[in-house]
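Keep the sequence and the 3D view side by side as you read.

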Amino acid sequence: MIEARELTKRYGDKTVVDRLSFTVEPGEVTGFLGPNGAGKSTTMRMTIGLDSPTGGSVTVNGRSYARHTAPLHEIGTLLEAKSVHPGRTAVSHLMTLAHTHGIPRRRVDEVIELAGLGSVAGKRVGAFSLGMGQRLGIAAALLGDPAIVMLDEPVNGLDPEGVLWVRNLLRGLAEEGRAVMLSSHLMSETALIADHLVIIGRGRLLADTTVDDFTREAGGGGVKVATAEAMRLRSLLAGPDVTISSSADDELLVTGRDAREIGAIAAQHGVALYELTPQSVSLEQAFMELTRDAVEYHSAPVDTERKAA
Ligand SMILES: Nc1ncnc2c1ncn2[C@@H]1O[C@H](COP(=O)(O)OP(=O)(O)OP(=O)(O)O)[C@@H](O)[C@H]1O
């Protein structure tokens, strides 16, 4: 379990992690989300003692990382996939880590196979693609058979097969009872892997929720109805807490009644419908809404019209 309590990090006068509290529970995948610069990497770095908090605390299985004598067995991490000596082979890199904890060669071979790196185990890491580097980083994270796995952007650079592999691997690790934490910018991808979401912006907690609740709350986009009798249906559907707008003569956007209710009222009054579509707000859109005020780096609007020379 990872427990952050009022965790704070300041660089000069800038507070990059601001009284952040959350828990990463065993048996679950926790998605750690936030826009660029939100403080995700800094939080993860403090978790494993690479940065020290200005205030508050973060513990790994009940004590600070530095107080564990064999940390690879407590928490396996992937923070920067490229922080591997390029001249080493995958095997020698993993063996170097294994030696620090008396982990046998057998386990190195196991994680190489698990990460799908069997055919390149003897190759120099400097020649690895980004995706292979990610796989090696994940193999290293799993080396000590840790109770907690914490990965910063693990699907970055992976092809679709690799993304699926990570998804299944992390779900499997959580099912074995491990606490799994992964950071990402991508809400929709994270929703496929995670059970629990910790969303931050400018170092502050914006949401601590489940994927199910987040998805349910994002679904409130109304129902689009198309009919030749739009005016008549509009008055039939009216009621307290019902809002109806219209973007075309034969279209209505209804909030406050679900599709089943609308269909039943229309059928009862003999109104033929040719469309009845719940409008779900995409998860990515809901995430952007939530973090809008916390985005540090706004893009300029893209001018898609080609300017005349
Ligand atoms: N060593 C440092 N000195 C000063 N500022 C820093 C340092 N490390 C990080 N920051 C700042 O802290 C903020 C949070 O950075 P961090 O890398 O933790 O965010 P992040 O959520 O991981 O972002 P990204 O998604 O872009 O990786 C940023 O504004 C960054 O510029």
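Let's start with a pair of strands: E8 (residues 196-201) and E9 (residues 204-210) pair in the antiparallel sense over six bridges. Strands count as paired if DSSP finds at least two bridges between them. The names come from DSSP runs, numbered from the N terminus: helices are H or I runs of at least four residues, and strands are E runs of at least two. Look at Ile199 and you'll find its bridge partner in E9, Ala207. The hairpin has two residues between the strands, and Arg202 there takes a positive phi near 45 degrees.

Before we go on, a word on what you're looking at. This is a predicted model, where local features need pLDDT of at least 70 and side-chain atom pairs count only at pLDDT 80 or more, while totals for chains, interfaces and linings use all residues. Residues are numbered from 1 along each chain as its sequence is written.

Most residues other than glycine have a negative phi. Glu153 goes against this pattern, with a phi near 50 degrees. You'll find Glu153 in the loop between strand E6 (148-152) and helix H5 (160-175). Is Glu153 buried, exposed or partly exposed? It counts as partly exposed because it has 18 C-beta neighbours inside 10 Å. The cut-offs, using C-beta atoms placed from the backbone, are 20 or more others within 10 Å for buried, 12 or fewer for exposed, and in between for partly exposed. Asp241 has a positive phi too, about 65 degrees, and sits in the loop between helix H8 (230-237) and strand E11 (243-248). With 7 other C-beta atoms within 10 Å, Asp241 is exposed.

Now find helix H2 (residues 90-100), where Ala90, His93, Leu94 and Ala98 are buried. Seen down the axis of H2, these buried residues fall within an arc of 135 degrees, so they line one face of the helix. The arc is taken from the directions from the helix axis to the C-beta atoms. Why might that happen? An α-helix has 3.6 residues a turn, so residues three or four places apart point the same way. On the other side of H2, His99 and Thr100 are exposed. After H2 comes Gly102, with a positive phi near 65 degrees.

Finally, look for the ligand. Its surroundings include Tyr11, Val16, Lys40 and His185, where being near means a C-beta atom, placed from the backbone, within 6 Å. Helix H1 (residues 40-47) gives the most to this shell, with three residues.
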